[in-house]
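Let's take a look at what sits inside this protein and what sits on its surface. Keep the model open while you read.

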Amino acid sequence: MLILTCPCCHVTAEETEFHGGGEAHLKRIGPGGSEEDFERYLFMRENPKGVHLERWRHVYGCGKWFHTARDTATLEVFGSYPAQTLAPPDHILEAIRKRYPDWQWQRAS
C-alpha cells in the first residue's frame, strides 16, 4: 500500500484517503489546437514501469490536488508537491536521481 503525504495540509496517510488522477503535468489543448493534439491530450498517457509523475487528490482531507513522484514497480514514493507547480521541485528530482542516476524527466527543457 502506498503511503502519501499531502503537501497542502501535510497529512501522511494510506492511499485509500486519496484518489489518483492520472499523469501529472499534461499540457491542455485550447480551442485553436489540432484534432491530433486534442486526441493525444485525451488518450495518450505515459504508463512507465519505473518513475512516474502523477496527480492525486486528498479526498478525505483538504480536498486539494497535488502531484507525486513514485516508482510504479516498487511503489517507492519520492515526494509530493502542489499541483500548481509546473515542474517537479529540485529536491524530488535529486531523490529520484539518487536512486536512478540516468533518469530524465521527459518534459525537461
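Predicted model: local features only at pLDDT ≥ 70, side-chain atom pairs only at ≥ 80, totals over all residues.

Start with helix α2, which spans residues 90–99. Its buried residues are I92, L93 and I96. They sit on the same side of α2 because they cover an arc of only 100° around the axis.

| Element covering the buried residues of α2 | Residues |
|---|---|
| β4 | 51–57 |
| β5 | 65–71 |
| β6 | 77–82 |

Now for the bigger picture. In soluble globular proteins, nonpolar side chains tend to be buried together. Here, the largest nonpolar core has 11 residues, among them I92, L93, I96, F78 and W105. The elements giving two or more residues to this core are β4, β6 and α2, and α2 gives the most, with 3 residues. There's also a second, separate core of 7 residues, which includes L2, L4, A13 and W56.

Back to W105, a member of the largest core. Leaving aside neighbours within four places in sequence, W105 is in contact with H25, L53, L86, A87 and P88.

Is M44 buried or exposed? M44 counts as exposed, because its relative accessibility is 56%. You'll find M44 in the loop between α1 (35–43) and β4.

Methods:
Residues numbered from 1 in each chain as written. Heavy atoms only, no water. Buried < 20%, exposed > 50% of the residue type's maximum accessible area, 1.4 Å probe, protein only. Helix = DSSP H or I, 4+ residues; strand = E, 2+ residues; numbered from the N terminus. Arc of directions from axis to C-beta. Contact = heavy atoms within 4.5 Å. Core = buried A, V, L, I, M, F, W, Y, C linked by side-chain atoms within 4.5 Å.
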